[in-house]
Amino acid sequence: MPLVLIALDDTLLDRSGAFRLWAKGFLDEIGAAQDDLDWLLSVDADGLTSRWDLADLIRDRYQLTIPSIDLVEELHEGPLAYEKLDPLVGCALQIAKDAGLVPVVVTNGRAEIQDVRIRRTGLDRYVADWVISEQAGVSKPNPRIFALAAQRVRMRLGGAWVVGDSPEADIGGAAAMGLPSVWLHRGREWVDNRFAPTEIVGNVIQGISAIMAAANK
């Protein structure tokens, strides 16, 4: 059974859902219209926008006097209060491990924040290990970060699967290494002509099932 290299944000953990819940409360707190939720989600761009840039956009739009550094801290810490590991995801990971799969988290981001999220949600109990780009000194889709993940669990990279929601970071990384991949579509269509995922599914549970089915063929 293979090594499975799995993304964290919007794959194992519902980062977008947690940010949405935080954003609703934040808009209420500053007296902004809930109609602005779509704007805030848009400029957040699934977390790809720098927290400093996002803080500046929020301060400018609402003429806030709160220091940028305090708002950046809130943007980091606030959504974490709403983030939980779906018990069904935990069950799927445990079933996969019992069947011989070796799940390893491979994520871009700040080491301190990503490590806290993995431990605080209890995800650490269900995966073999994790690699964070800031600690690794290299980010997805660079193949080196996936190779480091394989080294962490003393497994060969060949034959591994890559699972994630990012066309570029996850599926592009897998394609660069010639590895099979599972893309979580999250309601989107696949549009990249340079490469394509091996499987397209709606969530990580379906992704794990697809890998187990392929491994048992």
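A: On a 1 Å grid over the protein atoms alone, a cavity is a set of points where a 1.4 Å probe fits but cannot get out, whereas a pocket is an open set with protein on both sides within 12 Å along at least five of seven lines; a lining residue has an atom within 4 Å of a point. Grid points are joined across faces, edges and corners, and a volume is the space filled by probe spheres set on the points. The model is predicted, with local features needing pLDDT of at least 70 and side-chain atom pairs pLDDT 80 or more, while totals for chains, interfaces and linings use all residues. Residues are numbered from 1 along each chain as its sequence is written, and side-chain values use heavy atoms, with hydrogens and water left out.

By this rule there is one cavity of 30 Å³ or more, and the largest cavity holds about 30 Å³ of space. Its lining consists of Val4, Ile6, Leu93, Ala96, Leu101, Pro103, Ile208 and Ile211, with two or more residues given by each of strand E1 (3-6), helix H5 (87-98) and helix H10 (204-215); helices (H or I, at least four residues) and strands (E, at least two) are DSSP runs numbered from the N terminus.

Turning to the open space, the largest pocket has a volume of about 840 Å³, and among the 34 residues that line this pocket, Asp9, Asp46, Gly47, Leu48 and Asn108 are the closest to its centre. At least two lining residues of the largest pocket come from each of helix H1 (15-29), helix H3 (51-62), H4, helix H6 (111-120) and helix H9 (167-177).
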